[in-house]
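Colleague: I am new to reading structures. Could you walk me through one, feature by feature?

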Amino acid sequence: MARLTLRLAPWITVLAVALAWELFARSGAVTPFMLPKLSTVLARIWDDAASGDLWHNLGLTLYRALAGFAIAAIVGIALGFAVAYNRAMRWLFDPLISVGFPMPKIAFLPIITLWLGFYDVSKISMVVFDAIFPVVTATIAATLAVERELLWSARNLGASERELLHEIVFPAALPQIMTGLQVALPIALIVCIVAEMKMGGLGLGGAMITASRFADSPGVFAGIVEIAIAGYVLVKLMAALRRRLLAWHPEATAPSTV
């Protein structure tokens with residue numbers, strides 16, 4: 001019973017917010033245009049799902065966000081290892097990473113639009129540009145934090161540099177790399193939604209901005225709920241992947257607080 005209560009506790013807050021939304025919208029304190037009832041929004045989501053619009057827009061958004069995230073993950077991890085182990089690469093990229101990481105990359109959206117247009121390539125490129133920085137910085141920090149005694153011992157046993165990277169460095173750095181990926185995934189979804197809103201077209205962000213232009217309040221709030229659910233599912237899937245990849249790590253046996 002205690003375990004069940006702990007599992008249901010986070011949902012109690014969600015249900016409380018949903019109930020407060022419905023009651024406040026029904027109270028008459030606000031107009032339906034300002035805040036439609038939650039039941040109306042859920043009915044709109046059901047209609048969009050039945051017509052296929054929801055799945056089309058959701059599929060496009062997930063395709064752009066996950067494609068950009070995958071590219072950012074592969075390139076970011078490779079670049080992070082290169083910067084950590086190659087002095088020339090560190091000299092070349094470290095200033096760019098230091099300047100680019102805290103900078104709001106969404107400011108480059110007009111430039112990306114001018115160069116690549118308004119279609120999928122530009123949106124995916126914007127996702128890659130934003131999501132790659134947490135991956136690179138996490139990989140560099142994790143690689144440089146590997147205990148030198150492990151590296152010295154492996155070299156003394158005759159391990160080549162490739163074996164050293166594959167058998168020692170990458171497993172030791174993987175927990176922190178996974179943390180960087182977990183940070184980058186929500187960023188990828190957020191940037192994709194913003195890019196769709198600014199560039200227009202199909203997708204969850206594009207559907208929301210279209211609904212806003214036509215004063216379709218239930219459509220706007222339906223988009224918010226859809227994005228929240230999609231983001232929650234992606235974060236949970238990434239957490240499950242982390243547990244699977246790090247089943248050997250001490251954190252897998254530690255008691256969970258979530």
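**A pocket and its lining**

Modeller: Start with a lining. This is a predicted model. The lining of the second largest pocket holds 14 nonpolar residues, no polar ones and no charged ones.

Colleague: What is the volume of the second largest pocket?

Modeller: About 400 Å³.

Colleague: Which residues lie nearest its centre?

Modeller: Val14, Ala18, Val225, Ala228 and Ile229 lie nearest the centre of the second largest pocket, out of 14 lining residues. Next, look at which helices take part. Helix 1, helix 2 and helix 10 each give at least two residues to this lining.

Colleague: Now the core. Which residues touch the most other members of the largest nonpolar core?

Modeller: That core has 56 residues, and Trp21, Val41, Phe69, Ile177 and Leu181 touch the most other members. Helix 1 (2-26), helix 2 (38-51), helix 3 (53-85), helix 5 (109-116), helix 6, helix 8 (161-199), helix 9 and helix 10 (217-245) supply at least two residues each. Helix 8 gives the most, with 15 residues.

Colleague: Take one member. What is Val41 in contact with, beyond its neighbours within four places in sequence?

Modeller: Val41 is in contact with Trp21, Pro36, Pro218, Phe221, Ala222 and Val225. Trp21 is also on the list of residues that touch the most other core members.

Colleague: On to charges. What is the idea behind a salt bridge?

Modeller: Side chains of opposite charge can pair when their charged atoms come close. Here there are five salt bridges. One of them joins Asp216 to Arg44, with the closest N and O atoms 2.7 Å apart.

Colleague: Which parts does the pair of Asp216 and Arg44 tie together?

Modeller: Asp216 sits in the loop between helix 9 and helix 10, and Arg44 sits in helix 2, so the pair links parts 172 residues apart in sequence. Arg44 is partly exposed, because its relative accessibility is 24%.

Colleague: Which residues meet Arg64 in salt bridges?

Modeller: Asp120 is one partner, at 2.7 Å from N to O. Arg64 lies in helix 3 and Asp120 in helix 6, so this pair ties together parts 56 residues apart in sequence. Glu196 is another partner, also at 2.7 Å from N to O. Glu196 is in helix 8, so its pairing with Arg64 in helix 3 spans 132 residues of sequence. Salt bridges that share partners also join Arg44, Asp48 and Asp216 into one network.

Colleague: Is each of Arg64, Asp120 and Glu196 buried or partly exposed?

Modeller: Use the cut-off: buried means under 20% relative accessible area. Arg64 has 5%, so Arg64 counts as buried. Glu196 has 0%, so Glu196 is buried. Asp120 has 24%, so Asp120 is partly exposed.

Colleague: One last case. Why does Ser122 count as buried?

Modeller: Ser122 counts as buried because its relative accessibility is 0%. Ser122 is found in helix 6 (residues 120-144). Beyond its neighbours within four places in sequence, Ser122 is in contact with Ile112, Leu116, Gly117 and Met199.

How values were computed:
Residues numbered from 1 in each chain as written. Predicted model: local features only at pLDDT ≥ 70, side-chain atom pairs only at ≥ 80, totals over all residues. Heavy atoms only, no water. Helix = DSSP H or I, 4+ residues; strand = E, 2+ residues; numbered from the N terminus. Buried < 20%, exposed > 50% of the residue type's maximum accessible area, 1.4 Å probe, protein only. Contact = heavy atoms within 4.5 Å. Core = buried A, V, L, I, M, F, W, Y, C linked by side-chain atoms within 4.5 Å. 1 Å grid on protein atoms, 1.4 Å probe; cavity = no way out; pocket = protein on both sides within 12 Å on 5 of 7 lines; lining within 4 Å. Points joined across faces, edges and corners; volume = space filled by probe spheres on them. Nonpolar A, V, L, I, M, F, W, Y, C, P; charged D, E, K, R; others polar. Salt bridge = Lys/Arg side-chain N within 4 Å of Asp/Glu carboxyl O.
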